[in-house]
Amino acid sequence: MTEAKKPKDTPAEPVVSVRRIHRRDLNRVWEFLKLVFRDVNRETVEYQRPRSKKRFLEVYEEEGVEQLLFLVGEGKEETVVGYAECAFEISGTDNWMNERYFDKRDMRPLFVEELAVHPDMQGRGIGNFMLEQLDHLAKLRGCTHLVLEVAENNESALHFYRARSFFKLDAAIFLAKKIATAAELLPPRRLKKKKAPAAAEEGKVAARSAKADAKKPPAKRPVAKTPAPKKAAPKPKGTAE
Ligand SMILES: CC(C)(COP(=O)(O)OP(=O)(O)OC[C@H]1O[C@@H](n2cnc3c(N)ncnc32)[C@H](O)[C@@H]1OP(=O)(O)O)[C@@H](O)C(=O)NCCC(=O)NCCS
């Protein structure tokens, strides 16, 4: 049987590979995460982690956390196209997971803390490869479930997980109620009408004549017909009223 020949000028699709993160990768991976989650974080009540670079750098120092990079190209051409982070234990002070929930149900979860694919590379099977990798790690370490958190309105991600057999655990739903109150700041106010130009001119004329009056020598005082009362003599000190 002859092998089907590929057209010569069709470039081969890139290969994606996985390795553990190194310290030297931290800055560019942080930039990568900001880019991937920029749009997602605009629409969700909770930040899709990591919340800050500081926290991200702390995670690198933590025991029991796996940080995996998915890369296309080699050497200087190497580009991060995916990042996955998972932990074998509930970690970090910003984690509200209740360990007993899983103990009671004989679940030994692998917690998937992050799953992120570069926006330009989504829909090409990288996410699927990442999940397979995490599934593989979970099996090797004796875990029974992959557990993760996703915002309900992150519909594309939710669709991705549901299509890969993820089911909903008991989880918080964010509720809100509008409080009916008066506004703290006063409503808009209409401004006073500006004086008409004619009226303003009248005002100027009046001001001018007042000035001229002020310059004129003072008119002689009319002589008072009735003499001014004499000043009362000062009372002697110490006398009672
Ligand atoms: C969700 C995510 C990890 C999936 O990775 P991916 O590489 O795009 O997924 P794949 O190519 O392996 O699989 C494609 C599937 O993902 C879904 N999908 C999710 N986002 C997609 C996108 N932007 N483009 C294309 N497909 C997307 C498709 O519906 C498709 O489903 P199907 O296989 O049933 O047809 C990735 O889209 C992503 O990083 N999203 C932004 C960050 C995020 O929301 N992460 C999850 C937070 S918990």
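Mentor: Start with a strand pair: alanine 84 stands opposite leucine 115 in S4. The model is predicted: local features need pLDDT of at least 70, side-chain atom pairs count only at pLDDT 80 or more, and totals for chains, interfaces and linings use all residues. Residues are numbered from 1 along each chain as its sequence is written.

Trainee: How many bridges join S3 to S4?
Mentor: Six, and the two strands run antiparallel. Strands pair if DSSP finds at least two bridges between them. Strands are DSSP runs of E, at least two residues; helices are runs of H or I, at least four; both are numbered from the N terminus.

Trainee: And S2 with S3, how many bridges there?
Mentor: Eight, antiparallel, with S2 spanning residues 65-72. Glutamine 67 stands opposite glutamate 85 in S3. Six residues lie between the strands of that hairpin, where glycine 73 takes a positive phi near 85°.

Trainee: Why is S3 largely enclosed?
Mentor: Eight of its nine residues (79-87) are buried, so the rest of the structure largely encloses S3. Buried means 20 or more other C-beta atoms within 10 Å of a residue's own, with C-beta atoms placed from the backbone.

Definitions and conventions
A residue is buried if 20 or more other C-beta atoms lie within 10 Å of its own, exposed if 12 or fewer, and partly exposed in between; C-beta atoms are placed from the backbone.
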